[in-house]
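Please open the model in the viewer and keep the selection tool at hand.

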Amino acid sequence: MAEEAFGEAGTGRLRMAVQKKGRLADETFDLLKRCGLSLSQSKNRLYARVQEMPIDILLVRDDDIPALVAGGASDLGIVGGNVFEEERAGGRLGSRVPLVKPLGFSKCRLCIALPKEDTYSQPADLGGMRIATSYPALTEDWLEREGVKGATTVVMNGAHEIAPRLGVADAVCDIVSTGGTLDANGLKVAETIYRSEALLIGGPLEGEAKKVADALQLRIEGVQRSRDAKYVMLNAPRSAVEAISKVLPAADKPTILELAGTAEKVAVHTVCREAVVWEHLEELKRLGASAILVLDIDKMLA
Ligand SMILES: Nc1ncnc2c1ncn2[C@@H]1O[C@H](COP(=O)(O)OP(=O)(O)OP(=O)(O)O)[C@@H](O)[C@H]1O
Ligand SMILES: O=P(O)(O)OC[C@H]1O[C@H](OP(=O)(O)OP(=O)(O)O)[C@H](O)[C@@H]1O
Ligand SMILES: [Mg+2]
């Protein structure tokens with residue numbers, strides 16, 4: 001591998017910054033794998049090269065991704081919306097980094113939380129409080145929008161949940177997923193100020209980089225389309241096919257196949273969301289469906 005050429009502009013290889021290790025990294029690598037892309041890691045593990053497409057992957061801390069993209073060192077990046085919006089709200093990105101698409105993983109909420117014993121009914125109750133957070137810009141923007149008077153932020157880089165107990169803050173504003181961390185630290189959610197998921201950011205691109213980015217996006221869309229979708233096969237009385245098609249709505253009409261040795265029954269194949277199958281299982285059985293198979297779909301490319 002021509003390591004010296006890595007990351008240089010103008011090589012025609014698209015550069016994409018992703019988290020090296022952490023809560024975003026596993027799902028980012030899984031997404032690339034599902035896009036049919038395999039990575040060859042460099043010896044120093046600061047970048048990897050995609051084998052199947054001209055893409056170089058920068059392996060970095062998530063906090064650095066928006067600035068790398070804004071500064072032009074990377075064409076694209078995959079980063080949590082919380083980090084991206086914090087950098088943007090803090091005025092550190094200029095106007096140069098568009099959001100390309102939400103990716104649907106690493107979902108979490110940015111919440112203001114208070115000690116469980118505090119009473120809370122409205123934003124004004126946060127007036128005058130010190131709020132420990134790694135997201136001062138998003139927190140301050142929200143406080144201003146809600147007209148909260150006199151609240152301030154105390155910047156901490158981790159373990160915010162301990163701040164009220166230490167007396168260095170009255171409230172926290174941090175990432176919440178299951179709520180387990182807050183609960184274990186005697187805190188409760190007062191407000192959700194931002195709903196986050198992983199985002200693909202970057203561009204606008206030109207020339208070869210744009211072509212590669214478009215091809216990558218097409219693959220990502222294929223993976224996203226297949227994420228909730230299931231391939232459903234069942235046998236049913238021919239007379240029930242129309243009713244079954246209404247119960248299992250799909251983008252396209254179902255495929256109806258003859259079954260050997262019978263004219264009354266057919267096989268119905270369709271694609272729909274898994275939840276729809278569960279919701280309507282009883283009804284499908286009532287309509288005479290049998291041998292219901294629900295299969296994973298690896299990709300739906302168009
Ligand atoms: N509990 C959670 N559940 C779901 N998503 C989360 C959770 N915690 C964080 N995230 C999302 O994953 C992103 C990365 O979280 P992680 O804890 O790996 O960050 P980090 O410790 O700042 O990593 P780095 O070492 O790259 O700076 C967060 O910015 C957020 O978007
Ligand atoms: O609502 P929960 O499911 O408990 O998740 C929330 C916790 O997850 C994140 O921390 P993480 O566990 O990633 O550790 P970190 O503080 O080292 O980032 C976040 O900072 C919260 O502390
Ligand atoms: Mg970080």
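Which residues are around ligand 2? Select R23, G158, D174, I175, V176, S177, T178, G179, G180 and T181; a residue counts as near a molecule if its C-beta atom, placed from the backbone, lies within 6 Å of it. Before continuing, note that this is a predicted model, in which local features need pLDDT of at least 70, side-chain atom pairs count only at pLDDT 80 or more, and totals for chains, interfaces and linings use all residues. Residues are numbered from 1 along each chain as its sequence is written, while chains are lettered from A and ligands numbered from 1 in the order in which they are written.

Remain at ligand 2 and colour β10 (171–176) and α6 (180–184), the elements that give two or more residues to its shell. Helices (H or I, at least four residues) and strands (E, at least two) are DSSP runs, numbered from the N terminus. The most is given by β10, with 3 residues. By class, this shell has 2 nonpolar, 6 polar and 2 charged residues; Ala, Val, Leu, Ile, Met, Phe, Trp, Tyr, Cys and Pro count as nonpolar, Asp, Glu, Lys and Arg as charged, and the others, Gly among them, as polar.

Next, select ligand 1. Of the 15 residues around ligand 1, those that come nearest are G22, R23, G80, C108 and S177. The shell has 4 nonpolar, 7 polar and 4 charged residues.

Now colour the chain by domain. The assignment, which is automatic or from a database, gives domain 1 (3–105 + 198–226), domain 2 (108–196) and domain 3 (229–296). Domain 1 and domain 2 each supply at least three residues to the shell around ligand 1. Between the C-alpha centres of domain 1 and domain 3 the distance is 40 Å.

Show E85, E86 and A89 of α3 with A137, L138 and D141 of α4, which make the contact (C-beta atoms, placed from the backbone, within 7 Å).

Finally, inspect two backbone details. A cis peptide bond, with omega about -5°, joins G203 and P204; P204 is in the loop between β12 (198–202) and α7 (207–227). In the loop between β9 (152–155) and α5 (163–166) lies A159, whose phi is positive, near 50°.

Notes
Two residues are in contact if their C-beta atoms, placed from the backbone, lie within 7 Å.
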